[in-house]
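Please keep the sequence and the model in view while working through the points below.

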Amino acid sequence: MKRILVVENDEKGRSAAAQGLTNAGFLVDVASTAAHGLELLKAGSHHDLVLVDDQLSDAGPLEVVAQIKLASPRTIIIVMTAFSNIRVGVEALQCGAADYMTKPVNVDALAQIVRHALTAGAPITERPPAPSPKDGDSLVGRSEPMARVRALMERVAASPISTVLLTGESGTGKDLIAKEIHTQSPRADRPFVNITCSALPEALLESELFGYEAGAFTSAARQKKGLLELADEGTVFLDEIGEMALSLQAKLLRFTEARAFRRVGGTRDVLVDVRVIAATNRDLADEVAKGRFREDLYYRLRVLPIHLPPLRERKDDIIALAQHFIVEFSRAFNKRVVGIDPSAVERLTAHTWPGNVRELRHTIERAVLLAEGEYLSATDCGLGDPTPSEHAFQLPTGGLVLSDVERSLVHQALQATGWNLVRAGRLLGLNRDQIRYRIEKFGLVPDTGDHCAA
């Protein structure tokens, strides 16, 4: 006789599911929390299938799936999720669940669904379709900050206003949001052109954006259309807009106002219809105050602003993102890595991620490549160093002058990590550049035998 474990937060839903499965001839255990459910799994009674609620009070569904796979790899897992939260079900499949079903659960159909999963070992065919990339499925994360970003992004995509400004720290995924806005907009079947403003010198960036006429300069043998012209009826994404030279900002301003420009060396206007999405990790208001960015262009770009929160402010998304990257790199490296062990989960969620999603992605890429088992450990992830709460810092003796305290803490972190700037930064919640700045600020030097590692 098959044994089923129902891990459900709602008492009525839990009782109804247990009664329905019992009447169908299954042995049923129930738990109201993830912790209790895992205790039952480890207690010795073999469970053939686990039904997991997506609203447990002590853990998210993706974390529960990973822990169940670790405790009982052969157990089939089905995640129960609200119809409005189907994306969680899709992410659960990527984490190792066999399937998902929507709530409220039809008790009469529940036994049939469970029986089908046990006998077929394949996804259930009768369920709502998974969201397509156009529905925002490529944006992993269900935290409240990301929910706000996703809702605003969807409104922006449908808006006829053609300028958008994305702000946020480096590595937060501004390029992904830009592509998603394009994908969800009526311009989706037209070109999406991505250009990084800091990657090209001013003269070259101008010719790339606006194109040039034959003879405009020595090597201009024939006319060349610029990216704005090639993106007609589509979207141009200007990354790192804060790095653009003031003289070029003036020409971009004219374009955003009139949707017209002149090629380099040209005498007539070229009219195009494109949406401009600009992105920056700088504080453009501060750049305006310092005279490094045009005020009129700033206000023209920020008609529809979207701010992307850093990963440290959306910790609920860390494990979902990590699982997403595990799937990606397991396929790329042809390795069988299926999840994350509890010690790594704790380390991943405790880390401050100064490099944001980009840092997390690189961490998981390296971990999957080096992993020897099916579950990533804290060592695999390179997060075996103590967290700030675990490392004992001492305040300097005497009067507590703020600069002296800061200097002392930085020096202690550097000594504790052998002057490894990245690891020292992790202890203090700073990135490598911020640590390097403080080394120069305070004139710190390694002690004899120490080596500075960037």
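Which residues line the second largest cavity? The points below begin with that question; please note that the model is predicted.

1. The lining of the second largest cavity is formed by Leu-5, Val-7, Ala-34, Gly-37, Leu-38, Leu-41, Val-64 and Ile-68. The space inside the second largest cavity is about 30 Å³, and the count of cavities of 30 Å³ or more is two.

2. Three elements each supply at least two residues of this lining: strand E1 (3-7), helix H2 (34-42) and helix H3 (61-71). The largest share comes from H2, which gives four residues.

3. Seven of the residues that line the second largest cavity are nonpolar, one is polar, and none is charged.

4. The largest pocket has a volume of about 620 Å³. It is lined by 29 residues, and those closest to its centre are Gly-171, Thr-172, Gly-173, Lys-174 and Asp-175.

5. Several helices and strands take part in the lining of the largest pocket. At least two residues each come from helix H7 (174-184), helix H13 (318-333) and helix H15 (356-370), and likewise from strand E7 (192-196), strand E10 (235-239) and strand E13 (275-280). By class, this lining has eleven nonpolar, eleven polar and seven charged residues.

6. Is Glu-213 buried or exposed? Glu-213 has a relative accessible area of 19%, and it therefore counts as buried, since the cut-off for that term is under 20%. Glu-213 is placed in the loop between strand E8 (211-212) and strand E9 (224-225).

7. The surroundings of Glu-213 may be examined next. Its side chain is joined to that of Arg-263 by a polar contact of 2.9 Å. When neighbours within four places in sequence are left aside, Glu-213 is in contact with Ala-220, Gln-223, Arg-263, Val-264, Gly-265 and Gly-266.

8. How many disulfides does the structure hold? The number is zero.

Key: Residues are numbered from 1 along each chain as its sequence is written. This is a predicted model: local features need pLDDT of at least 70, side-chain atom pairs count only at pLDDT 80 or more; totals for chains, interfaces and linings use all residues. Side-chain values use heavy atoms; hydrogens and water are left out. Buried means under 20% relative accessible area, exposed over 50%, partly exposed in between (1.4 Å probe, protein chains only). A polar contact is a pair of N or O atoms within 3.5 Å; within protein, one must be able to donate a hydrogen and the other to accept it, and residues adjacent in sequence count only if both atoms are side-chain atoms. Contact means heavy atoms within 4.5 Å. On a 1 Å grid over the protein atoms alone, a cavity is a set of points where a 1.4 Å probe fits but cannot get out, and a pocket is an open set with protein on both sides within 12 Å along at least five of seven lines; lining residues have an atom within 4 Å of a point. Grid points are joined across faces, edges and corners, and a volume is the space filled by probe spheres set on the points. Ala, Val, Leu, Ile, Met, Phe, Trp, Tyr, Cys and Pro count as nonpolar, Asp, Glu, Lys and Arg as charged, and the others, Gly among them, as polar. A disulfide is a pair of cysteine sulfur atoms within 2.5 Å.
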